[in-house]
Amino acid sequence: MGWLTTALILLPLGAAMLVWVFPWDPFTAGAIALLAALGEVGLWIECVFRFNFDKGGLQLDQQTSWFSDLHVSYHVGMYGFSLWLVGLTAVVQAAAIIYAFWAGRTGARAYFGLMLLLTAAIAGVFTAQDLLLFYVFWEAMLIPLYVLIGVWGGPGRLGATLKFFIYTMAGSLLMLASIIVLGISQGTFDLTATWQSSSDWIFLGFVAAFAVKAPLFPFHGWLPDAYRESPPEVSAVLSGLVSKAAIYGFIRIAITKFPEPTKDFRTVILVLAAIGLVYGSLLAFRAPDIRGVIAYSSLAQLGLITFGVFAVNDLGLNGSVLQMVNHGLISAALFLLAGGIERRATTGDFARLGGFARGRPVLATVLMTTGIIGLAVPGSSAFAGEFEILAGVFSVGWGYAVVGAVAIVLAAMYMLRLISAVLHESPGPAVSPEALDLRPAELSAVVPLVACLLALSVWPAAITERSFTNDRGSTDVSAQFEAAK
Amino acid sequence: MIKTPHVDWFALAPELFLLGAAGLALMAAVLLPRRWRRDFGALVAALGFAGAFVFAILIYIHTPEVQSVIADSVRRDRLGALAQVIVCGAGLLTVGVAFDNRMRDEHIAEFYALLAAAGAGMCFIVTANNLMTLFLGLEWFSISLYILCAIDRRLEGSLEAGLKYLIIGSFGSAVLLFGSALVYGATGEIAFNRIAEAISAQHLTGDALLVAGLAMMIVGLGFKASLAPFHQWTPDVYEGAPTPVTGFMSAATKTAALVVTLRILQVAFPQEAHLWTIALAVIACVSLAIGNLAALTQRGVKRMLAYSSISQAGFMLIAIASDNAIGARALLYYLIPYSALSIGAFAVVAARERELAAPVTLDNLAGMGWERPLLGISMCTFMFGFAGLPPTGGFVGKFYAFSAAYEHGWTWLVIVGVVATAVSLYYYLAVVRAMYMRPAAELQLGAAAPVAGGAPPRDALLQTSVVLSLAVVVGSFIAVQPLIHIAKLAAESLPF
């Protein structure tokens with residue numbers, strides 16, 4: 001059954017090659033990418049049906065030796081929580097590709113090939129079970145992102161890409177050093193092997209990479225520029241998926257393989273997350289444009305998710321996986337909507353926006369729904385996720401839970417500010433009365449994301465009860481952590 | 001009747017094949033009508049490299065044990081054979097790159113003759129097993145290269161490059177020769193394995209004469225491999241020499257010089273490892289620092305690649321300095337994608353040069369990625385490969401080199417390497433940025449520079465070379481296992 005996981009990586013990769021090699025016209029290139037993205041969703045659904053949630057442990061795995069003298073192998077497979085993240089990848093990437101297809105990017109073949117390559121790389125990160133393979137996919141994510149932002153981004157793209165690349169590479173290379181030291185000294189790079197390390201330095205190497213990518217405060221210097229200058233669908237992928245790869249790394253590698261260093265540095269990381277949470281929320285409240293709000297809210301949300309992860313108990317971990325999926329969907333939807341609004345108004349500045357709701361009921365409904373879920377109104381999936389995270393982190397220290405609760409209030413503030421600044425108030429100078437409502441093509445990109453959110457609101461247990469529970473194998477993170485205590 | 005030693009002609013086949021090709025091309029330079037010289041010379045050189053390539057592979061296959069060829073002055077082993085395969089592959093690709101180069105026809109056949117002769121010298125030196133053959137091989141390929149650098153006589157830069165390379169290269173050779181003399185003086189032996197035996201038999205470890213000789217030999221080889229601080233000639237020569245020659249030098253010369261360094265240190269001076277490991281580690285760090293920092297400020301792409309080749313040599317030196325089996329494997333593996341990267345990158349530069357009829361700078365690369373998609377994608381991949389990003393063999397090579405350093409217990413060297421890689425990203429990405437992220441309208445050519453109008457030149461052979469390089473770069477990432485196995489068997493020729 002392992003071929004399914006490999007297919008999740010190879011399908012977009014193959015489609016990327018197909019798009020690149022033959023001289024398709026832009027429409028056909030986009031159509032191929034779209035088909036591949038939908039095929040990816042289909043494959044993932046197939047994976048869900050084949051996945052045995054009662055059994056737990058690594059499933060749908062496949063292993064082939066890559067180079068045997070250092071014991072590196074191509075080893076992919078999925079745990080419960082990886083399955084949900086792969087699903088998130090498939091859905092968000094499909095939405096992003098639909099959006100790009102509709103927006104009509106220049107250089108379509110290059111563009112869609114890179115988007116597909118990015119899909120393959122992210123799917124690879126979430127499924128790799130070998131440290132070096134993980135690193136390969138991790139870096140492979142960076143290359144298409146670099147080009148996508150640098151070529152199709154806004155006017156400040158060159159500076160943004162440079163910052164983005166240097167920040168993330170500095171982190172990644174520290175991780176590479178850690179991987180080498182770890183792999184050679186353990187004699188294997190396989191993540192499923194039962195080894196654990198107690199070296200603080202190696203742990204910090206990994207944390208550096210993840211903290212930059214997430215980003216955690218104070219490693220977020222690249223974030224506002226990259227999120228503002230990217231094409232909207234790339235911002236969606238950046239904040240929706242790429243940041244989740246970092247959290248996935250925290251769960252899969254940092255906590256699982258380094259229980260003792262995790263315990264040593266837990267307070268530091270929790271405090272950084274708390275600062276990021278409050279600071280990000282405040283900045284989001286002060287941001288002058290739509291994308292600024294979403295970008296800084298990402299910083300805040302990632303802080304919250306980190307809370308859940310480093311609570312290292314069942315509640316916190318389950319909640320953080322749910323919240324990862326939630327935030328992925330919400331921020332992707334918001335960025336795509338922001339893209340739509342910017343196309344209509346040629347700006348994202350709140351000062352020049354307003355009154356979009358009048359005569360544009362569909363846009364208003366969709367943005368409102370997403371925003372309301374995003375501010376974690378009770379009954380929404382985000383509420384379920386944040387509640388579990390706060391409950392989880394409460395058992396570590398009530399102070400963290402208080403910070404989290406305050407941040408949720410702040411989230412309501414910035415989200416409502418966003419909604420009212422765009423939809424309500426009097427029409428801004430940049431909003432012409434002729435600006436259209438959301439078109440069916442845009443809806444086809446955003447509505448599936450919102451639909452997933454609504455479905456999760458009805459049934460959050462789909463994720464929370466199927467990520468770690470019944471999974472008492474080598475991945476049961478919290479159990480291992482308790483054992484290490 | 002003088003008793004001559006037994007000669008294993010099969011072991012010398014690659015050199016002989018290339019020498020034959022060189023001779024044939026030289027004859028053509030005199031005898032053939034001018035309009036046939038280019039095609040004939042290129043064909044002969046290509047056949048020579050291809051034949052030597054095949055023979056080197058055969059030697060590799062049929063030499064499980066180290067064998068002496070001529071009275072132990074030359075060794076027949078898998079280490080040498082693998083290096084010959086790389087050199088000949090690089091030569092073959094270079095012929096493809098050079099074929100459409102705008103060189104004047106009058107000396108075109110000599111160009112190919114010299115290329116084949118340089119290849120032969122490199123094939124020879126990687127099998128050398130004593131101080132005499134070492135020096136012979138070194139001068140053999142160096143002299144060919146001096147002329148190759150200066151072959152474009154109408155260009156001042158080319159002449160300057162040839163002269164600089166001649167003077168500084170000769171100085172390097174002299175240092176190597178002096179060092180060899182000191183080593184011979186200390187041990188009374190010239191064969192590498194005998195030197196090691198003499199050192200242990202006469203308890204010469206740490207002997208001043210010997211250590212001075214060893215140091216000078218490392219310096220001499222450092223000149224050839226363009227390791228800092230013996231690199232001063234590199235940027236000027238790389239910039240001035242005809243671009244295909246630069247590519248060949250950066251790939252094949254480095255391969256030969258580094259493999260020879262590995263062989264000498266492991267075969268002749270294993271007892272001095274406590275000295276040369278540190279020395280090489282320091283040289284590696286200096287090369288990484290100087291190469292990377294100087295490359296940051298370059299605008300000319302050839303100069304930038306020259307500095308990058310210094311830093312790449314530093315990475316490979318980390319592997320040698322590690323003094324272990326993984327290190328040898330790392331070096332021999334890394335040389336494969338590295339050679340392809342060099343040839344490929346310089347080939348793209350050559351193509352752009354041809355198009356613009358001007359030296360290639362970061363500014364006039366603008367928009368190239370969109371105009372010439374194949375070359376653009378290839379150049380991007382080469383830059384990512386140099387920077388050690390997947391999916392290229394450059395990534396695996398660096399990974400192995402760092403692993404070797406860690407295995408030796410040098411975590412600090414891993415950190416240095418990682419930091420150097422981070423710095424190098426800036427200038428490698430500058431090329432990608434220039435090619436894709438700046439519109440061609442920004443292209444600024446000097447008023448005097450003729451702008452090539454019309455369709456870009458059709459250079460099918462160059463593109464073939466680029467595609468082959470690309471295939472090697474990406475293929476070596478996927479097929480790590482077989483290549484590492486080949487490198488491992490080759491490294492077993494050395495006494496670890």
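Here are some notes on this predicted two-chain model, written to be read beside the structure.

1. The model scores ipTM 0.90 and pTM 0.93. Chain B has an average pLDDT of 90, and 95% of its residues score at least 70. Within chain B, confidence is highest in helix 12 (residues 301-321), at 95, and lowest in strand 1 (residues 67-68), at a mean of 83. One stretch to treat with care is residues 444-454 of chain B, where pLDDT stays under 50. For that stretch the model has 14 contacts beyond four places in sequence.

2. **Chain A overall.** Chain A is built from 18 helices and two strands. Its radius of gyration is 21 Å, close to the 23 Å that the globule rule gives for 485 residues, so chain A is as compact as a globular protein of that length. Along the principal axes, its C-alpha atoms fill a box of roughly 65 × 55 × 40 Å. Buried residues account for 62% of the 485. Among the chain A contacts with a separation of 6 or more, 81% link residues 24 or more positions apart.

3. **Chain B overall.** Chain B has 19 helices and two strands. A compact globule of 496 residues would have a radius of gyration near 23 Å, and the 22 Å of chain B agrees with that. The C-alpha trace of chain B spans about 70 × 55 × 40 Å along its principal axes. Of the 496 residues in chain B, 63% are buried. Residues 24 or more positions apart supply 81% of the chain B contacts with a separation of 6 or more.

4. **Where the chains meet.** You will find 25 residues of chain A in contact with 25 residues of chain B. On the chain A side, the elements giving two or more residues are strand 1 (59-67), helix 5 (131-152) and helix 6 (157-186). Helix 6 of chain A provides the largest share of that side, 11 residues. By type, the chain A side divides into 19 nonpolar, four polar and two charged residues.

5. **The nonpolar core.** The largest nonpolar core has 405 residues, and the members that touch the most others are A:Ala95, A:Met141 and B:Ala25. Helix 13 (residues 325-356) of chain B gives the most to this core, with 20 residues.

6. Helix 4 (residues 108-125) has 18 residues and reaches 26 Å from its first C-alpha to its last, close to the 26 Å expected. Because 18 of the 18 residues of helix 4 of chain B are buried, this helix is largely enclosed by the rest of the structure. Helix 8 (residues 208-224) of chain B should span 24 Å with its 17 residues, and its end C-alpha atoms are 25 Å apart, which agrees. Helix 8 of chain B is mostly covered, with 12 of its 17 residues buried; among them are B:Leu210, B:Met216, B:Phe223 and B:Lys224. The cover over the buried residues of helix 8 of chain B includes helix 5 (131-149), helix 6, helix 7, helix 10 (243-267) and helix 11 (273-296) of chain B. After helix 8 of chain B comes B:Ser226, which has a positive phi near 50°.

7. **An exposed loop glycine.** B:Gly188 sits in the loop between helix 6 (156-187) and helix 7 (192-201) of chain B. Is B:Gly188 buried or exposed? It is exposed, because 11 other C-beta atoms lie within 10 Å and the cut-off for exposed is 12 or fewer. B:Gly188 and B:Ala198 are 10 residues apart in sequence, and their C-alpha atoms are 7.9 Å apart in space.

8. **Backbone features worth a look.** Most residues other than glycine have a negative phi, and most peptide bonds are trans. A:Leu60, in strand 1 of chain A, has a positive phi near 50° and is buried, with 24 other C-beta atoms within 10 Å. A:Val312, in the loop between helix 11 (290-311) and helix 12 (314-345) of chain A, has a positive phi of about 45°. A:Val312 is also buried, with 25 other C-beta atoms within 10 Å. Cis peptide bonds join A:Phe217 to A:Pro218 and B:Pro390 to B:Pro391. A:Pro218 lies in the loop between helix 7 (200-213) and helix 8 (223-229) of chain A, and B:Pro391 in the loop between helix 15 (373-386) and helix 16 (393-408) of chain B.

Key
Residues numbered from 1 in each chain as written. Chains lettered and ligands numbered in written order. Predicted model: local features only at pLDDT ≥ 70, side-chain atom pairs only at ≥ 80, totals over all residues. Helix = DSSP H or I, 4+ residues; strand = E, 2+ residues; numbered from the N terminus. Expected span 1.5 Å × (residues − 1). Buried ≥ 20, exposed ≤ 12 C-beta atoms within 10 Å, placed from the backbone. Contact = placed C-beta atoms within 7 Å. Nonpolar A, V, L, I, M, F, W, Y, C, P; charged D, E, K, R; others polar. Core = buried A, V, L, I, M, F, W, Y, C linked by C-beta atoms within 7 Å. pLDDT = per-residue confidence, 0-100. Rg over C-alpha atoms; globule rule 2.2 N^0.38 Å.
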